[in-house]
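Visitor: I have a structure open here. Can you walk me through it?
Guide: Here it is.

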Amino acid sequence: MQFPSNIEIKENFQFKKYTTYGLGGGAKIAFFPKSESECAEIYDFVQENYSRYVILGNGSNVLASSAFFDGAIISTRQFDKINKVDNVLYCESGVTVKRLLNYCIEEGLSGIEYLAGIPASIGGLAYMNAGTFNKHISENIINVRLYDGKYIDLLNKNCNFGNKYSIMRDINALILNIGLKLAQSDSKKVQANIEHYLNLRKTQPKGKSCGCIFKNPQGFSAGKLIDDCGLKGFSIGGAKVSLNHANFIINDGATPEEVYSLISVIKSKVYNHFSILLEEEVIYIGEFNATDS
């Protein structure tokens with residue numbers, strides 16, 4: 001097959017180099033688009049030539065298996081331009097939170113400082129309707145532009161945002177651009193707000209993780225449910241429930257399968273204790289077989 005021209009390609013792609021967990025096996029090939037037209041070209045090419053593919057942003061909420069992934073990766077890491085129109089920022093999906101907040105400091109734009117410290121891309125945040133401190137990115141989103149063989153423009157109300165959910169999770173499409181509504185402010189105030197949220201996050205667990213493993217069930221804290229089961233510090237191999245926050249699993253020399261097994265044990269124990277079935281935030285890539293606990 002003839003690959004798309006002038007588009008960066010990496011063969012023998014390694015997930016562990018492109019995920020915050022630092023885990024995962026290899027993949028056949030990865031494409032790194034830098035523009036909207038390249039995204040569309042790659043998407044069409046992958047749809048036509050590969051039976052399996054994964055769209056990967058900053059890799060902050062995924063767990064890739066050790067098994068070789070016999071498919072293609074579309075990485076949005078280099079698709080990261082920001083365009084300002086009045087107080088609306090149009091961010092390509094690969095824009096990281098850190099880059100976005102630095103831009104907001106430069107331009108004196110406020111409203112998303114609560115995202116400070118999250119190691120994610122804006123596309124991933126929109127996909128998951130992620131957030132923290134009881135705030136979610138959907139509160140700032142005006143519209144989202146997608147590509148699934150054709151361009152799709154969704155207003156906020158058509159994204160069906162919910163608890164760690166958006167309609168993008170059910171659409172086989174590539175997120176291209178997100179419009180964010182912000183407020184004009186003073187750069188020093190924006191910087192101070194960012195530092196405030198970073199200070200609040202200082203108690204977050206250290207070490208390689210993908211952030212919170214489970215969604216909070218309605219009316220409950222997943223971390224507290226796990227803690228109440230006595231699972232803080234519990235480990236399988238190098239996968240360990242954080243002593244600081246029980247909804248984090250730390251990679252302390254783990255394999256992906258050990259993390260997966262620990263997730264399964266946590267779900268089972270919480271269900272046995274409280275009849276509550278925890279639902280993962282983490283997205284799995286590849287095939288998993290749980291190891292013995």
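Visitor: How many residues has the largest nonpolar core?
Guide: The largest nonpolar core has 39 residues. A nonpolar core is a set of buried Ala, Val, Leu, Ile, Met, Phe, Trp, Tyr and Cys residues joined through side-chain atoms within 4.5 Å, where buried means under 20% relative accessible area with a 1.4 Å probe, protein chains only. Leu-89, Leu-100 and Met-168 are among those with the most contacts inside this core.

Visitor: Which element gives the largest share of this core?
Guide: α2, with six residues. Helices are DSSP runs of H or I, at least four residues, and strands are runs of E, at least two, numbered from the N terminus.

Visitor: What is the source?
Guide: This is a predicted model: local features need pLDDT of at least 70, side-chain atom pairs count only at pLDDT 80 or more, and totals for chains, interfaces and linings use all residues. Residues are numbered from 1 along each chain as its sequence is written, and side-chain values use heavy atoms, with hydrogens and water left out.

Visitor: What does Leu-89 touch?
Guide: Leaving out residues up to four places away in sequence, its contacts (heavy atoms within 4.5 Å) include Ile-82, Leu-100, Tyr-103 and Ile-178.

Visitor: Which residues are in the other core?
Guide: That core lies apart and has 27 residues, among them Cys-210, Ala-222, Ile-276 and Val-282.

Methods. Buried < 20%, exposed > 50% of the residue type's maximum accessible area, 1.4 Å probe, protein only.
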